[in-house]
Every structure is written in C-alpha cells, then in structure tokens.
Amino acid sequence: MSDKLFPLDLPVVVATGEYESGKSMLALTTGCPLERVLIYDNEESVATYHAMNPAFTRVDIAGSLPKNKTWTNYDFYLAWVEHLRSIPEGKYDVIAVDTIERIESGISDWVSKNPGYFGH
C-alpha cells in the first residue's frame with residue numbers, strides 16, 4: 001500500500017465548504033512539512049494557527065496594501081500576482097489561497113481592462 005493520499009500527484013486541489021468546515025486546516029494537514037506550506041490568508045482565517053505554529057508561511061496581501069488608500073480587487077489581484085511570481089520555483093509543496101474570491105474578482109477586472117491581450 002502506498003503512503004500517498006492519492007496514487008498520483010495532484011497539481012491543483014480545490015476545497016469548498018461552509019464557514020468553519022475545515023478548509024484552512026486542510027491546507028495545513030496535507031502531510032507536507034509545514035516549512036513547505038504557504039497560505040495566502042485573505043481573510044485572516046489562519047492567523048491564529050500561525051500564532052500557535054509559525055512554521056508555515058502566512059502572507060496577508062491586504063495587510064501589504066497601502067493603508068491610506070482605498071484599494072480595489074484589481075489592486076489586490078496585482079499585488080497577489082506580484083508576490084506569487086516572486087516565489088522561487090520548488091520552494092513550497094503547498095500554496096493555498098484562503099479565500100479566492102477577491103483574486104477571482106481582480107482577475108475578472110484585469111481581463112476587462114486588457115481585452116487586447118486576448119485579441120479583442
């Protein structure tokens with residue numbers, strides 16, 4: 001019997017569920033060493049876990065945006081992409097986005113603002 005959860009590597013796993021159903025905990029309990037886990041904590045849902053065990057990397061994109069400016073989901077998305085692209089390849093085994101809604105909205109805004117990128 002294999003010690004892997006699945007018989008093949010899964011490059012992307014999506015977890016959905018009700019509030020407090022364990023989605024954040026799932027990212028922290030994959031079996032990967034916590035030092036190789038990064039969580040984009042977009043609603044401060046893993047701040048308490050991080051305070052108890054700072055072995056994993058917690059990134060607060062909203063906290064990195066200007067405090068004296070009203071920022072949009074588009075701004076949030078651009079900051080997230082910039083951070084994501086700065087990560088050296090292979091540094092993390094798990095990268096979780098908790099939650100994805102602001103980024104999805106920012107992607108939609110980016111697509112609307114850049115139709116030429118898609119040949120329109």
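Buried means under 20% relative accessible area, exposed means over 50%, and partly exposed lies in between (1.4 Å probe, protein chains only). This is a predicted model: local features need pLDDT of at least 70, side-chain atom pairs count only at pLDDT 80 or more, and totals for chains, interfaces and linings use all residues. Residues are numbered from 1 along each chain as its sequence is written, and side-chain values use heavy atoms, with hydrogens and water left out.

**Exercise 1. Helix α4**

Task: Check the span of helix α4 against its 13 residues, then find which of its residues are buried and what they pack against.

Solution. 
- Step 1. Helices (H or I, at least four residues) and strands (E, at least two) are DSSP runs, numbered from the N terminus.
- Step 2. The expected span is 1.5 Å times one less than the number of residues. For the 13 residues of α4 (residues 73–85) that gives 18 Å, and the end C-alpha atoms are 18 Å apart, so the two agree.
- Step 3. The buried residues in α4 are Tyr74, Phe76, Tyr77, Ala79, Trp80 and Val81.
- Step 4. Contact means heavy atoms within 4.5 Å. The buried residues of α4 pack against β1, α3 (61–64), β3 and α5.
- Step 5. Look at the start of α4. A side-chain oxygen of Thr72 comes to within 3.3 Å of the backbone nitrogen of Tyr74. A polar contact is a pair of N or O atoms within 3.5 Å; within protein, one must be able to donate a hydrogen and the other to accept it, and residues adjacent in sequence count only if both atoms are side-chain atoms.

**Exercise 2. Salt bridges**

Task: How many salt bridges does the structure hold, and which parts does the Asp41 pair tie together?

Solution. 
- Step 1. A salt bridge is a side-chain nitrogen of Lys or Arg within 4 Å of a carboxyl oxygen of Asp or Glu. The structure holds three.
- Step 2. One joins Asp93 and Arg36 (2.7 Å, N to O). Asp93 is in the loop between α4 and β3, Arg36 is in the loop between α1 and β1, and the two are 57 residues apart. Asp93 is partly exposed at 44%, and Arg36 is partly exposed at 28%.
- Step 3. Another joins Asp41 and Arg58 (2.7 Å, N to O). Asp41 lies in strand β1 and Arg58 in strand β2 (residues 57–59), so this pair ties together parts 17 residues apart in sequence. Arg58 is partly exposed, with 24% relative accessible area.
- Step 4. Lys69 and Asp75 also meet in a salt bridge (3.4 Å, N to O). Lys69 is partly exposed at 45%.

**Exercise 3. Backbone geometry**

Solution. 
- Step 1. Recall the background. Most residues other than glycine have a negative phi, and most peptide bonds are trans.
- Step 2. The cis bond joins Asp98 and Thr99, with omega about 5 degrees. Thr99 is in the loop between β3 (94–98) and α5.
- Step 3. Glu20 is not a glycine, yet its phi is positive, about 65 degrees. Glu20 lies in the segment before α1 (23–28). Glu20 is exposed, at 67% relative accessibility.
- Step 4. Glu44 is not a glycine either, and its phi is positive at about 60 degrees. Glu44 lies in the loop between β1 and α2 (47–52). Glu44 is exposed, with 52% relative accessible area.
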